[in-house]
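Subject: Structure handover

Hello,

Here is the structure for your files. My notes on it follow below.

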Amino acid sequence: MSATSTAVPETTAETAVSAAEPQPAPGATPPRTPLVARAAAELVGTAALVAVVVGSGIQATELTQDVALQLLANSIATVFGLGVLITLLGPVSGAHFNPAVTLAEWWTARRGGGGVTTREAVVYVPAQIAGAIAGAVLADAMFGKPLVAWSTHDRSAGHLLLGEVVATAGLILLIFGLERTGRLRFAPVAVASYIGAAYWFTSSTSFANPAVTIGRAFTDTFAGIAPGSVPGFAAAQLAGAVLGLALVALIFMQGRDTSPQSA
């Protein structure tokens with residue numbers, strides 16, 4: 001028997017190899033991005049977000065002494081930066097950039113919904129905090145400021161804490177409301193727009209993020225927060241996350257199916 005008579009056509013061989021490999025079931029969830037890549041996305045995304053917030057604040061104060069214009073410039077830069085970051089990194093990690101969002105997702109996962117596992121949350125949160133600190137240091141470096149200078153901007157007043165509860169509750173309601181209604185594709189625009197609005201309608205200028213709050217303590221600039229004010233802000237943000245989840249459960253509660261069941 002000659003070699004040519006026993007040779008298998010290349011396309012047939014490839015088909016046979018492909019058929020021998022395990023194939024995912026129709027409609028199966030595709031493999032998730034490796035956890036290390038998701039952690040890197042959370043770290044880099046949070047760092048970039050804080051760099052935008054702090055850097056635009058420094059730039060604004062160097063361009064004008066009008067506080068309203070400073071806040072306007074700071075908020076506009078944050079809106080555009082956040083929207084871009086969510087669009088870019090959302091498909092990788094979900095673009096949380098926020099321990100309050102991560103912990104809210106962890107809680108919903110424990111209750112049977114979609115979200116992150118305990119292992120993922122334990123990785124995400126430190127990555128977000130480290131990223132926030134790195135972002136503040138980077139912003140200071142870009143503008144020739146001391147790399148680390150503890151902020152002296154006290155934000156411990158009660159009305160500011162109330163502002164953080166409201167800002168974070170609204171953020172959680174928005175994100176999980178979009179998820180419940182199948183409209184997460186609008187998250188980049190919706191979340192960025194909400195944060196931009198909350199800059200102006202909340203007394204605290206809407207930090208709404210424990211990691212960002214920690215990072216902003218490392219810079220004594222326009223966007224900074226005194227270290228002594230950080231625990232109160234973080235506690236208010238976590239309380240806001242709980243309130244936001246309660247509002248999601250109330251507003252988007254699932255109705256019971258009362259249709260007759262087939263025998």
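Contact here means heavy atoms within 4.5 Å. Please keep in mind that the model is predicted.

With that cut-off, and leaving aside neighbours within four places in sequence, Ser229 is in contact with Asp154, Arg155 and Ser156. Ser229 sits in the loop between helix H9 (210-216) and helix H10 (230-251). Its relative accessibility is 3%, so Ser229 counts as buried.

Overall make-up

The chain has ten helices and zero strands. In sequence order the pattern reads α-α-α-α-α-α-α-α-α-α. The chain has 263 residues, of which 42% count as buried. Taking the contacts between residues at least 6 apart in sequence, 78% join residues at least 24 apart.

Ser151

Is Ser151 buried or exposed? The cut-off for buried is under 20% relative accessible area. Ser151 has 5% relative accessibility and therefore counts as buried.

The side chain of Ser151 reaches the backbone nitrogen of His153, at 3.1 Å. Once neighbours within four places in sequence are set aside, the residues in contact with Ser151 are Arg216, Ala217, Thr219, Asp220, Gly224, Ile225, Ala226 and Pro227.

The H4 and H8 pair

Two packed helices are described by the angle between their axes and the distance between the axes. For helix H4 (residues 67-93) and helix H8 (residues 187-201), the axes come within 8 Å and cross at roughly 160 degrees. Angles over 145 degrees count as roughly antiparallel, and H4 and H8 are therefore roughly antiparallel to each other. The crossing of H4 and H8 is right-handed.

Which residues make the contact between H4 and H8? On the H4 side they are Ala68, Leu71, Leu72, Asn74, Ser75, Thr78, Val79, Leu82, Gly83, Ile86 and Thr87. H8 contributes Ala187, Pro188, Val191, Ala192, Ile195, Gly196, Tyr199 and Trp200. Sorted by class, this contact of H4 with H8 has 13 nonpolar residues, six polar residues and no charged residues.

Regards

Technical notes
Residues are numbered from 1 along each chain as its sequence is written. This is a predicted model: local features need pLDDT of at least 70, side-chain atom pairs count only at pLDDT 80 or more; totals for chains, interfaces and linings use all residues. Side-chain values use heavy atoms; hydrogens and water are left out. Axes are lines fitted to C-alpha atoms, for helices over the stretch in contact, and angles run from 0 to 180 degrees between N-to-C directions. Helices (H or I, at least four residues) and strands (E, at least two) are DSSP runs, numbered from the N terminus. Angles under 35 degrees count as roughly parallel, over 145 as roughly antiparallel, 65 to 115 as roughly perpendicular and the rest as oblique. A crossing is left-handed if the near helix is turned anticlockwise from the far one by less than a right angle, and right-handed if clockwise. Ala, Val, Leu, Ile, Met, Phe, Trp, Tyr, Cys and Pro count as nonpolar, Asp, Glu, Lys and Arg as charged, and the others, Gly among them, as polar. Buried means under 20% relative accessible area, exposed over 50%, partly exposed in between (1.4 Å probe, protein chains only). A polar contact is a pair of N or O atoms within 3.5 Å; within protein, one must be able to donate a hydrogen and the other to accept it, and residues adjacent in sequence count only if both atoms are side-chain atoms.
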